[in-house]
Amino acid sequence: MMPENNLFPPEGLRPPAVYTLSDLKAAAESGDILEGTVQRCDTSHTLHLSLNGIAARMPRQEVTAPWISGASRDIAVLSRVGKQTCFTVSNVCSDGKGAPVALLSRRLAQEKAMDFFLEHLEPGMVLTCRVTRLEPFGAFVDVGCGIVAMLPIEHISVSRISHPKERFREGQKILAAVWSIDRETRRITMTHRELLGTWMENASRFAPGETVRGIVRSVKEYGSFIELAPNLSGLADTREGLLPGDGVSVFIKSIRPERMKVKLQVIEKLPPAAGPEPLQYQITDGRLDRWVYSPPNYEKPPVETDFTAPCP
């Protein structure tokens, strides 16, 4: 199995390709989606590409499908310069001097991708995504051909973070599952935390008596919550001078699955990490119907995600 959007990958994730003139003419006939790097945007907001030395143009109205948020803004065009951009080939003609020119449309590529998504995507399906923008409320991710979906901050991980930049960086390739899809408005919302593993899958990487690195996520009067992994946190006794975001070394005192508790002791503060920790996915493809985070012997009602239930 593989992620459900493999036919329409996010921009920048297609294998590099060198196109010949016959390739471009064949693509104009077949409607296949190709990708290249935009070199410049002229005063009429036409984008220009060079496809293996063959000139290519993408008129302003062909840059972004009109139903994509912000499509009418100039930045939607200007921001394509220097970036990998998908397209279909509308026509291959002459520039008037005998040289070939390919006319391109990103809009048509996006229409093809969205038509496929509206027909085939269902909640729980795993997609390959590319992070395009980080905001305090969540991350925007390209789910295919520049179609952007929302990944709310509360769906990024079980361990709470104050900003998505603590988990992702712009341009990063990630996996995420469809949380909801509104076919009328063409809006897709994603979730990420289910792919990072259950409490037991994460806790099994640690053992009482070990000392490991952690990140302070919140500081309370009764102690500090320390993240050991994106889907696993423990509680350490109160210690002065700790702030959210601090790196620390912690001694693992106990791990109790029946209460879903990890008891920690802070050893010392550590220098800050260079960036977000690499993500370890437990689920990489297919479709989820129900995901249970809590252990089987958990004393309280299960902590779970039901992808078959209507979204709130």
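Which residues of strand β3 are on its covered face, and which on the uncovered one?

1. Basis. This is a predicted model, in which local features need pLDDT of at least 70, side-chain atom pairs count only at pLDDT 80 or more, and totals for chains, interfaces and linings use all residues. Residues are numbered from 1 along each chain as its sequence is written, and side-chain values use heavy atoms, with hydrogens and water left out.

2. Faces of β3. Strand β3 covers residues 54-58. I54, A56 and M58 make up its covered face, while A55 and R57 are on the uncovered one. Strands here are DSSP runs of E with at least two residues, helices are runs of H or I with at least four residues, and both are numbered from the N terminus.

3. Pairing with β2. Strand β2 (residues 47-51) pairs with β3 in the antiparallel sense over five bridges; two strands pair if DSSP finds at least two bridges between them. A55 of β3 is the bridge partner of S50. The two strands form a hairpin with two residues between them, and N52 in the turn has a positive phi of about 55°.

4. Pairing with β5. β3 and strand β5 (residues 100-105) run parallel and are joined by three bridges. Here A56 stands opposite A102 in β5.

5. Barrel. Five strands form a closed barrel in the order β1-β2-β3-β5-β4, with mixed pairing. From one strand to the next, the twist averages 50°. Axes are lines fitted to C-alpha atoms, for helices over the stretch in contact, and angles run from 0 to 180 degrees between N-to-C directions.

6. Helices on the strands. Helix α1 (residues 21-30) lies across β1 (34-41), β2, β3, β4 (84-94) and β5, at about 95° to β4. Helix α3 (residues 106-120) lies across β3, β4 and β5, at about 125° to β4. Contact means heavy atoms within 4.5 Å.

7. Positive phi in loops. C145, in the loop between β7 (138-144) and β8, has a positive phi near 55° and is not a glycine. Its relative accessibility is 0%, so C145 counts as buried (under 20% relative accessible area; exposed is over 50%, partly exposed in between, with a 1.4 Å probe and protein chains only). R186, in the loop between β9 and β10 (187-191), is another non-glycine residue with positive phi, near 60°. R186 is partly exposed, at a relative accessible area of 25%.

8. H163. This residue is in the loop between β8 (147-152) and β9 (173-182). H163 is buried because its relative accessible area is 17%. Not counting residues up to four places away in sequence, H163 touches L134, E135, P136 and I153.
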